[in-house]
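Trainee: I have a structure open and want to learn how to read it. Can we go through it together?

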Amino acid sequence: MSRHFRKALVIGGGIAGPATAIFLRQAGIDAEVFEAWPWSTGIGGGLQIAPNGMHVLAEIGISDELIRRGSIAESFDFYSQSGARLGSVNRNMQERFGQPAVNMCRATLNTVLIDKAWCENVSLHFEKRLVAIEDRADRPVVAHFSDGTMAEGDFIIGADGVHSTVRTHVLPDGPRPFDTGLIGFGGFVPRAVLADRPIGRCVETTFGRSGFFGYGFCSSDPADGVMWWSTQPSHGIDAATYRAMSQQEIKQHLRLFHAGWHDPIPQILDAAENIVVSDTLDVATLPVWSRGRALLIGDAAHATSPHAGQGASLALEDALRLGRLMQDGHELGQTFQRFETERRPRAEKIVALARRNGNSKREFSPTGAWLRDHMLKLLLPVTAKGMNWMYAYDPRRAA
Ligand SMILES: Cc1cc2nc3c(=O)[nH]c(=O)nc-3n(C[C@H](O)[C@H](O)[C@H](O)COP(=O)(O)OP(=O)(O)OC[C@H]3O[C@@H](n4cnc5c(N)ncnc54)[C@H](O)[C@@H]3O)c2cc1C
């Protein structure tokens, strides 16, 4: 039980927010979560939670349900644009790391996390967009919301993602998100689309001369059983511009961009509906993660472009580690410092890896693409071993 703090204001009801609130409750601290958007169950595309993130979901008690509602990924396989197999990584994750990698709909993860937070007596408030924080000595810290309401607590956790408002409180002149020049499209198609290509539990991914395409099972529901995503150079056109287009226009763009790519990519694009478009953002390293009684976690602290498939797992790890450190009952500033000292090296190593991976999805000349594919074929076994440190981390046992 923490001796010093009774109430946390957690800003953001995405991944880090509800998970942190659950772990704070376990540490004997009341937690209220404030989410800017209305409660909704159908947001976003698919994602993969790696074994290190699955340890956290197991600790929360929701890993079995997510495995049941998602799909275990038994490998990550790479192909060239014409369909030549380049190699395979991330095999036997369960045996090697104690948890599998699991594909799931982001909406499923969010729903299950929020339901669990309700069950743990976390107070959840939707349509509460933080606009300002007041942190004055000898008074509770105050969160002000866009609807004119406010909330008071002993400290604030900024789990409000890449566009974090808490970050601008912690670092008023700090780094802002920047566009990495890549844009992401994604969504779901029915399982039947892969009837002619039984991929089993593999995630299949393809490096093109320009851009990248991936797909894999992610749900036990046959209607949205397959998640897919396309990453490509944005050529200066941002996600908002695409979002203003009709679905037919977006689909037409994707068909043209991926014309000539191997099967079943054309079939997936033909079947795609409700395509989600996202900018691929990054944030430069922050000089500090906390100020006074406000601490940043998850993407708010160390936003990572999605090319390492680790952002959500890192956010979950943060939640567990912060809960454990709060349990120790040290002074708040000391706890925040211990959290940052422990988490920063790992987070920054993964952010750097994601940046490097993103570079292989940019535009290549025909010779450049040929060389990259051959290098990948040669280097994948070595690269795969070099990533074990990421998955082998078990935040329940970290100190
Ligand atoms: C296309 C794409 C694919 C990805 N795929 C993967 C993957 O396969 N595996 C993986 O591990 N990671 C993946 N990621 C990264 C992952 O989604 C993020 O790292 C993760 O969501 C971070 O969790 P978070 O809780 O810190 O932030 P978020 O999930 O972004 O949650 C932040 C929440 O805060 C809310 N919020 C924002 N501002 C305010 C405010 N002012 N007041 C109140 N609430 C606010 C937001 O509405 C949101 O709900 C992907 C990212 C993208 C863009």
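Trainee: Which residue of β19 stands opposite R291?

Mentor: A294 stands opposite R291. Before going on, note that this is a predicted model: local features need pLDDT of at least 70, side-chain atom pairs count only at pLDDT 80 or more, and totals for chains, interfaces and linings use all residues. Residues are numbered from 1 along each chain as its sequence is written.

Trainee: How do β18 and β19 run, and how many bridges join them?

Mentor: Strands of a sheet pair through backbone hydrogen bonds, either parallel or antiparallel. Here β18 and β19 (residues 294–296) run antiparallel, joined by two bridges. Two strands pair if DSSP finds at least two bridges between them. Strands (E, at least two residues) and helices (H or I, at least four) are DSSP runs, numbered from the N terminus.

Trainee: What is the strand order of the open sheet?

Mentor: The order of its six strands is β8-β2-β1-β12-β19-β18, with mixed pairing. β8 (123–125) and β18 (290–291) are the edge strands, each pairing on one side only. Helix α1 (residues 16–26) packs on this sheet and touches β1 (7–11), β2 (30–34) and β12 (155–158). Touching means contact: C-beta atoms, placed from the backbone, within 7 Å. The direction of α1 makes about 170 degrees with that of β2.

Trainee: At what angle do the axes of α1 and α11 cross?

Mentor: Two packed helices are described by the angle between their axes and the distance between the axes. Axes are lines fitted to C-alpha atoms, for helices over the stretch in contact; angles run from 0 to 180 degrees between N-to-C directions. The axes of α1 and α11 cross at roughly 20 degrees and come within 8 Å. That makes α1 roughly parallel to α11, a label for angles under 35 degrees. On the α1 side, the contact includes A16, F23 and L24. Among the α11 residues are L316, L320 and M326.

Trainee: Which residues come nearest the ligand?

Mentor: Of the 33 residues around the ligand, G12, G14, G161, G298 and G311 come nearest. A residue is near if its C-beta atom, placed from the backbone, lies within 6 Å. α11 gives the most to this shell, with four residues.

Trainee: Where is the cis peptide bond?

Mentor: The bond from D263 to P264 is cis, with omega near 5 degrees. P264 is found in the loop between α8 (247–257) and α9 (265–271).

Technical notes. Contact = placed C-beta atoms within 7 Å. Parallel < 35°, antiparallel > 145°, perpendicular 65-115°, else oblique.
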